[in-house]
Amino acid sequence: MDTESQPAAPTAAELRAQLSERMPAIIARLRELVAIESIAWPSMDPANVEASARRVAELAADAGFEQVEVLRGKNPDGTDGYPAVVARRPAPAGRPTVVLYAHHDVQPTGSPEDWDSEPFEAVVRGDRLFGRGAADDKAGIMVHLAALELLGDRLDCGVVLFAEGEEEAGSPSFSDFIHRYRDRLAGDVIVVADSGNWAPGVPALTSSLRGMAALEFTVRTLDHAVHSGMYGGVVPDAALAMTRLLATLHGPDGSVAVAGLGGSHEVEVDYDEAQVRTDSGVLDSTELIGTGPLSSRVWTQPSITVIGLDIPAVDSSSNTLQAAMRAKVSVRVAPGEDPAAALEALRRHLSAHVPFGATLTFGPSEAGSPWRADPSDPVVGLAREALTDGFGAPCELTGLGGSIPFIADLLEVFPGASILVTGVEDPDSRAHSANESLYLPDFESAIVSEALLLARLGAQPAAAGGQEPGRPR
């Protein structure tokens with residue numbers, strides 16, 4: 001391509017000036033998406049996820065994509081997955097293709113009483129837009145579309161929009177989907193817009209993610225429930241056995257006590273304890289747990305959380321020794337560790353520590369791999385520069401305590417692609433919680449940053465990461 005015929009590369013100031021005029025319309029479209037209750041759970045109406053996919057497809061068509069499709073993968077049991085949107089704009093000859101990922105499904109809202117406004121009616125209070133999915137992750141979709149709108153004819157690379165419809169439900173059809181539609185999704189660079197920034201006004205590029213392993217198990221001490229007055233004090237009930245067993249998972253300081261769960265204390269930046277307390281909502285009287293730098297405790301060390309416990313509710317309880325009790329435990333697996341090995345270590349620990357000779361039965365399990373970015377990838381440097389310029393503040397490389405297991409699937413199918421994990425959340429966004437919100441100044445900066453990144457990638461030859469698409473590094 002004749003470089004003299006290419007439009008001049010846009011600057012952050014130019015893009016921000018153009019964006020200011022368009023923000024009301026962009027926020028209006030985001031509000032439309034938030035209004036759709038797209039919860040991809042079996043207990044929820046799937047028609048809402050269908051409606052969400054259709055609206056995203058319409059927005060993609062309006063953004064100038066030449067091919068827009070609503071597609072489905074297959075779940076492991078052979079049933080259809082939830083709808084995803086795939087839209088393509090071919091790359092000019094010799095230019096790279098960038099895949100822009102986000103998801104249009106959202107978490108359930110929880111108790112309505114915990115919200116200060118209706119969860120699916122996006123409202124602006126101060127400099128934040130409140131609503132379920134406002135930050136996680138319908139804002140990610142709008143960052144992609146708005147960045148493309150800003151660039152217009154100055155876009156000089158191919159683009160694939162991939163808006164998944166079941167990320168919050170664990171992406172059960174994801175692996176089949178990307179294998180099935182590999183040709184449609186192939187690209188040199190994959191931007192996953194489902195993470196967050198270091199602080200309001202301070203951008204971050206996620207450099208590592210913890211993996212996840214979850215296990216259900218049941219403890220049984222009796223063949224049927226009995227009167228606590230008749231047998232209490234001599235017969236151990238399942239609640240006693242279960243609580244004793246769960247207590248062995250952590251040491252006195254709250255550190256993980258399961259042998260075989262590895263991790264590291266090494267981090268580049270650390271949290272301020274006062275900020276952690278403010279952001280997490282931990283009570284002033286509650287001590288923090290674990291050892292090592294605070295950021296290492298949520299980025300590079302394992303953690304264990306009891307996320308489910310079947311026990312009679314207080315309001316319906318009776319004087320009864322429970323015969324059996326079921327629990328679900330979630331393990332966050334440190335980068336570089338194997339989630340399958342973590343599950344096996346958890347099973348060994350539980351088997352070795354079950355008290356009173358109780359019967360222990362294992363139920364379903366799930367696992368997702370951790371991930372670490374390649375800091376030597378030139379695309380990572382290009383992304384940090386774009387984020388720094390777009391926000392007007394240095395971009396931090398940070399870990400993330402959460403998991404995005406499908407990144408392992410992406411690397412399996414597209415091993416030569418550079419993967420960038422970005423996002424618009426901040427410590428005050430409360431994703432997955434009540435009163436989820438989007439910090440609007442960072443939303444604008446994220447749009448400008450992505451437009452800069454796409455413009456700069458368009459100035460690179462194909463395979464900007466140094467290898468042909470789909471080829472191993």
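# Salt bridges, ring pairs and a covered helix

The count of salt bridges here comes to 18. The model is a predicted one.

Start with arginine 22. Its side chain forms a salt bridge with glutamate 149, and the closest N and O atoms are 3.5 Å apart. This pair links distant parts of the chain. Arginine 22 belongs to helix α1, which covers residues 12–34, while glutamate 149 belongs to helix α3. The two residues are 127 residues apart. Arginine 22 has a relative accessible area of 29%, so it is partly exposed. Glutamate 149 is partly exposed as well, with a relative accessible area of 33%.

Glutamate 149 has another partner. Arginine 29 also forms a salt bridge with glutamate 149, and here the closest N and O atoms are 2.9 Å apart. Again the pair joins distant parts of the chain: arginine 29 sits in helix α1, glutamate 149 in helix α3, 120 residues away. Arginine 29 has a relative accessible area of 22% and is therefore partly exposed.

Now move to arginine 95. Its side chain meets that of aspartate 156 in a salt bridge, at 3.5 Å from N to O. Both ends of this bridge lie in loops. Arginine 95 is in the loop between β2 (84–89) and β3, and aspartate 156 is in the loop between α3 and β6 (158–164). They are 61 residues apart. Buried or exposed: which is arginine 95? Its relative accessible area is 14%, and the cut-off for buried is under 20%, so arginine 95 is buried. Aspartate 156, at 13% relative accessibility, counts as buried too. As for the bridges of glutamate 149, shared partners join Arg22, Arg29 and Glu149 into one network.

Where is aspartate 137 placed? It lies in the loop between β5 (128–130) and α3 (138–151). What does aspartate 137 touch, leaving aside its neighbours within four places in sequence? Its contacts are Ala102, His103, Ala193 and Asp194.

Next come the aromatic rings. The structure holds nine aromatic pairs. One of them joins tyrosine 101 and phenylalanine 406. Their ring centres are 4.7 Å apart and their planes meet at 50 degrees, so the pair is tilted. Tyrosine 101 lies in strand β3 (residues 97–103), and phenylalanine 406 lies in helix α12 (residues 406–413). The pair therefore ties together parts that are 305 residues apart in sequence. Tyrosine 101 and phenylalanine 406 are both buried.

Another pair brings together tyrosine 271 and tryptophan 299. Here the centres are 5.6 Å apart and the planes stand at 65 degrees, so the pair is edge-to-face. Tyrosine 271 is in the loop between α7 (238–247) and α8 (273–280), and tryptophan 299 is in helix α9 (residues 294–299). These residues are 28 apart in the chain. Tyrosine 271 is partly exposed, at 30% relative accessibility. Tryptophan 299 is buried, with a relative accessible area of 4%.

Ring pairs can also chain together. They link Tyr101, Phe162, Phe174, Phe177, Tyr181 and Phe406 into a cluster. A ring can meet a charge as well. Arginine 125 lies over the face of phenylalanine 130, at 3.9 Å from the ring centre.

Turn to helix α13, residues 440–458. Why does its length agree with expectation? At 1.5 Å a residue, its 19 residues should span 27 Å, and its end C-alpha atoms are 27 Å apart, so the two agree. The helix is mostly covered: 16 of its 19 residues are buried.

Finish at proline 355. It sits in the loop between α10 (339–353) and β14 (359–368). Its relative accessible area is 10%, so proline 355 is buried. Leaving aside its neighbours within four places in sequence, proline 355 is in contact with Ala241, Arg244 and Leu245. Valine 86 is another matter. Proline 355 and valine 86 are 269 residues apart in sequence, and their C-alpha atoms are 52 Å apart in space.

Notes:
Residues are numbered from 1 along each chain as its sequence is written. This is a predicted model: local features need pLDDT of at least 70, side-chain atom pairs count only at pLDDT 80 or more; totals for chains, interfaces and linings use all residues. Side-chain values use heavy atoms; hydrogens and water are left out. Helices (H or I, at least four residues) and strands (E, at least two) are DSSP runs, numbered from the N terminus. Contact means heavy atoms within 4.5 Å. The expected span of a helix is 1.5 Å times one less than its number of residues. Buried means under 20% relative accessible area, exposed over 50%, partly exposed in between (1.4 Å probe, protein chains only). Rings of Phe, Tyr and Trp (its six-membered ring) pair if their centres lie within 6.5 Å; planes under 30 degrees apart count as stacked, over 60 as edge-to-face and the rest as tilted. A charge sits over a ring if NZ of Lys or CZ of Arg is within 6 Å of the ring centre and within 35 degrees of the ring normal. A salt bridge is a side-chain nitrogen of Lys or Arg within 4 Å of a carboxyl oxygen of Asp or Glu.
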